[in-house]
Amino acid sequence: MKWSRVYALFVGRNIEFMRDRSALAWNLLLPILIIVVFAYAFSEENPEKFKVGLILADELPDAAVQFRATRYIKFIEFAEAQPNLHKVERHQIDLLFDVSSSRYWINRTSANGYIVEKLLIAAYAGAQKDLQKTLVEGDEVRYIDWVIPGVIGMNIMWGALFGIGYVIVRYRKFGVLKRLSATPVTAMEFLSAQILSRLWLLLIVNAVIYIGMDIIFDFRMHGSYFNLFLVFALGSVNLICCGLVVAARISSEEVANGVLNMFSWPMMFLSGVWFSLEGAHPLMQKFALLLPLTHITEAARAIMIDGDGLIAIADHLLLLGVSSLILLWVGARIFRWE
Amino acid sequence: MSSILQVSSLVKRFGSLTAVDQVSFEIVEGSCFGLLGPNGAGKTTTIEMMEGIKQPDGGTIRYRGEPLGEQFRNEAGIMFQTTALQEFITVREVMTQFSRFYPHSASIDDLADRYALHEFLDQDTRKLSGGQKQRLLLAMALINQPKILFLDEPTTGLDPQSRRNLWDQVQQVKEQGATVLLTTHYMEEAYELCDEIAIMDHGRIIAHDAPDALLAAHFDDVVVQIHAADIPRDIGEREFQALYRNDSAHIVTGDVNRTIERLLHFNIPLNRLRIRARDLEDLFLELTGKELRA
């Protein structure tokens, strides 16, 4: 691979992008619009007002059955209490209840937790077993704190898939690739230049969005900025490589549009960007693990909300890195200039 | 003289259609080789296989005795029939980009001087006229100072002046020692530029030689051309086996004096009569049965 050729293609693509004012403006405005619209829309809670985590026993006492029948509470089943206490701390659930020991945990700063506790006590009013209350404390995680990592990941997804896929398909359709194929440029050099060009644009654009959103919403960031950069950079490469594979052979923008939508829409809704998949069907949860955006979102949340380090998110990074290499290899193998 | 490119038993199929069928020829270094044929004859498929753009289904292509490889890519200049360039990029930027693809490249200012690019060097490539774009594409094809230059219908769509300018530029390239492979629809262009031509039809080469040698081999007669309005079609076709093309009746004859006597006998006015030697257009028509621009 000759880096002078990669550099020439990289520069050419950057010039093209920066001078296409409408595309540049759209790339910057769209995510800001999304943030504002969704932050507003989700400022009201959903119809299921309360979320209660349950650690079920083999046999449920009548009181527990009665409590579980309460409407407008979403019950999420967990195997153990200890690993899920942070969800009470972070207001991701309002109360955690271990049925077998009749022990429950609430956050004393949570208004919802206070109400759900009253409902639990009412259900157990005539029961023989006494409830044991444990208070936990923690910073509240606002919806905007929770949603920001996913929204940035989602913006990277759109920019990577459509930014790279559309451009390559357009180049192929109008013969730009054919002209390049008549030079010593190899497929790997061309694809590498596309990855690098799109990567820095995505990182710059999303850094601007991150700073802008932080000024507006002052969202939570407890981890290392370097680690977060690493997650978004690796996630960008992964999604760009997905776009390369999609665009490796297609020469019609309409077909590319359909295939890219087929990739992006499930990721948008099943990667846990807007809502937690906690309590969703197990098959859906397993499917979500196949989506790169799930790993980008979870790793970014772990850093931003929990302040996790690289070791804690190593599985996500490994998966994103290995699948990027596989996708790049597949993309280069099946790539067609015409 | 040694051959720079050897094509042997080349075959290309698209489904059940054999677009190129056992085509073989060699191109002498420093010469201009013309590939002519009607639409669908297989000439663009052939040239694209020679450029390494399409993979043949059979046969071999050798550049300086070796299969097409790194050396060929570095030494070949290619100008496609139609080429799109990246958008929002100026002529200078696209030239700079392409110059970086090659280990050795010509100076952009020199190319701009030679092909009169200076007036639009900093202009967006989307805003060029047809003639300007063809000059740019030719300059891009020459940016690596190629040893072999492929030109696929380089003057299609150009006005006569731009076409004549491009011929001059191709002549300059030839004079500098490069080999040129040209496909064209214009017989005058092929005659002007090519040292050798091959005529293709239905994927096969049906004639191959120097233009004058081909004409000498196929014709020993001339064409008497009369304005179609001056000779009624029934007389022309019955008495002279005239072929009516555009506004003219073409009478092929080996005895001009006798033909003129007979025309006078039928009171055909000769004011607009023209006698011309047989040309490549006639040869093409005779060999393929098709008008070249059809």
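**Notebook: a predicted two-chain model**

I began with burial in chain A, where 41% of the 338 residues are buried (buried means that 20 or more other C-beta atoms lie within 10 Å of the residue's own, exposed that 12 or fewer do, and partly exposed in between, with C-beta atoms placed from the backbone). I noted that residues are numbered from 1 along each chain as its sequence is written, and that chains are lettered from A and ligands numbered from 1 in the order in which they are written. I also noted that this is a predicted model, in which local features need pLDDT of at least 70, side-chain atom pairs count only at pLDDT 80 or more, and totals for chains, interfaces and linings use all residues.

**Chain A**

I looked up the overall extent of chain A and found that its C-alpha atoms fill a box of roughly 85 × 40 × 35 Å along the principal axes. The secondary structure of chain A comes to 13 helices and 5 strands (helices, H or I with at least four residues, and strands, E with at least two, are DSSP runs numbered from the N terminus). Of the contacts in chain A with a separation of 6 or more, 77% join residues 24 or more positions apart (a contact means that C-beta atoms, placed from the backbone, lie within 7 Å).

I then followed the sheet of chain A, in which 5 strands form an open, mixed arrangement in the order E2-E1-E3-E4-E5 (two strands pair if DSSP finds at least two bridges between them). Strand E2 (73–77) and strand E5 (132–136) of chain A are the edges, and because each has a single partner strand, one side of each is left without a neighbour in the sheet. On average, neighbouring strands of this sheet are turned by 25° against each other, direction ignored. Strand E1 (residues 50–55) of chain A pairs with E2(A) in the parallel sense over 5 bridges, and A:Leu54 stands opposite A:Glu77 in E2(A). Helix H5 (residues 111–123) of chain A packs on the sheet, touching E1, E2, strand E3 (95–98) and strand E4 (103–107), and its direction makes about 30° with that of E3(A) (axes are lines fitted to C-alpha atoms, for helices over the stretch in contact, and angles run from 0 to 180 degrees between N-to-C directions).

**Chain B and its contact with chain A**

I turned to the interface, where 21 residues of chain B are in contact with 20 residues of chain A. Helix H2 (70–75) and helix H3 (91–99) of chain B are the elements that give two or more residues to the chain B side. For the complex, the predictor gives an ipTM of 0.78 and a pTM of 0.74.

Within chain B, the domain assignment, automatic or from a database, gives domain 1 (3–216) and domain 2 (220–277), and the C-alpha centres of these two domains lie 39 Å apart.

I checked two residues of chain B with positive phi that are not glycine. B:Ala116, with a phi of about 50°, is in the loop between helix H4 (108–114) and helix H5 (130–141) of chain B, and counts as partly exposed with 14 C-beta neighbours inside 10 Å. B:His202, whose phi is near 50°, is in the loop between strand E9 (196–201) and strand E10 (204–209) of chain B, and is partly exposed with 15 other C-beta atoms within 10 Å.

Last, I looked up confidence: chain B averages a pLDDT of 88, and 98% of the residues score at least 70 (pLDDT is the predictor's confidence in each residue, from 0 to 100).

How values were computed:
Contact = placed C-beta atoms within 7 Å.
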